[in-house]
Amino acid sequence: AVCPVCAAGGAEGAVEDERWVKCDGCATWYHQICVLFNEPAHGKSVRFFCRTPGCRKRGSRQLNRRMRKPCYPVSPSLDATAVADRVTAEVAGAARQDRQVVVKTVASRSSPDGDHRRRTLMAFQHTLTGSDLLFFAIIVDEHRSQGRFVLSHVDSNGHYEEATPGERVRVEAAIVHALLRHARDAGYSSVRVCLAPPAAGGLFHARPALRGWASLPQAVAEVSDMLRGAADAGLLSGLTA
């Protein structure tokens, strides 16, 4: 068998020691890792439907609440923070209603004098099988005395499951805009966004070749659109490259 995801990315076919899963809709075999299916966590009783439109639609109809119930901790079980909860609430309007998006602060530390604070936030999407899919990560540095709010690392792996074209970008833009509202309300006077080439400085080092930000120009283009949208919404007074 040849995994369609590997084939699309130009990789070799089957790997002998790789775990496989068969789509219950079209009977195509995939590497479990390529379709983010975790058999030890999901169990053999959970049916799998691939990303092709017909199979996804069929899977959405057939999976019931019992089969969706996760048997391991999921993102809502992570500690709540005011900033992450605010972002989650503001993103709800942009995300599809049948796949909850949850944003959590997974790390936070402050300097001894309290002037500098760094937070790492990650965005998760609930999936049909009950697991949470990590699709977006961002590191925020807050310099209080300087009035600077810095998005030090912003990265997307492209795995967000869209209901409509362009939904992933709209959801990620909503996350950035929510953070900018937090910066405005907290009294920060300037915002800086730092982007690095995905292969060298991205937060997702094993991204599929055909997903997410495959190049720095693509990342710059998407983030630039996010910031222009923020300026149009009155969150920013001006932009400089």
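1. A salt bridge here is a side-chain nitrogen of Lys or Arg within 4 Å of a carboxyl oxygen of Asp or Glu, and by this rule the count comes to twelve salt bridges. The model is a predicted one, in which local features need pLDDT of at least 70 and side-chain atom pairs count only at pLDDT 80 or more, while totals for chains, interfaces and linings use all residues. Residues are numbered from 1 along each chain as its sequence is written, and side-chain values use heavy atoms, with hydrogens and water left out.

2. Arginine 86 and glutamate 90 form a salt bridge, with 3.0 Å from N to O. Both lie in helix α5 (residues 82–91), four residues apart, about one turn of the helix; helices (H or I, at least four residues) and strands (E, at least two) are DSSP runs, numbered from the N terminus.

3. Glutamate 90 also forms a salt bridge with arginine 181, the closest N and O atoms being 2.8 Å apart. Because arginine 181 lies in helix α6 (residues 167–185) and glutamate 90 in helix α5, this pair ties together parts that are 91 residues apart in sequence.

4. Arginine 99 sits in the loop between α5 and β3 (101–110) and glutamate 161 in the loop between β6 (148–156) and α6, 62 residues apart.

5. Is arginine 99 buried or exposed? Arginine 99 is buried, at 4% relative accessibility, where buried means under 20% relative accessible area, exposed over 50%, and partly exposed in between (1.4 Å probe, protein chains only).
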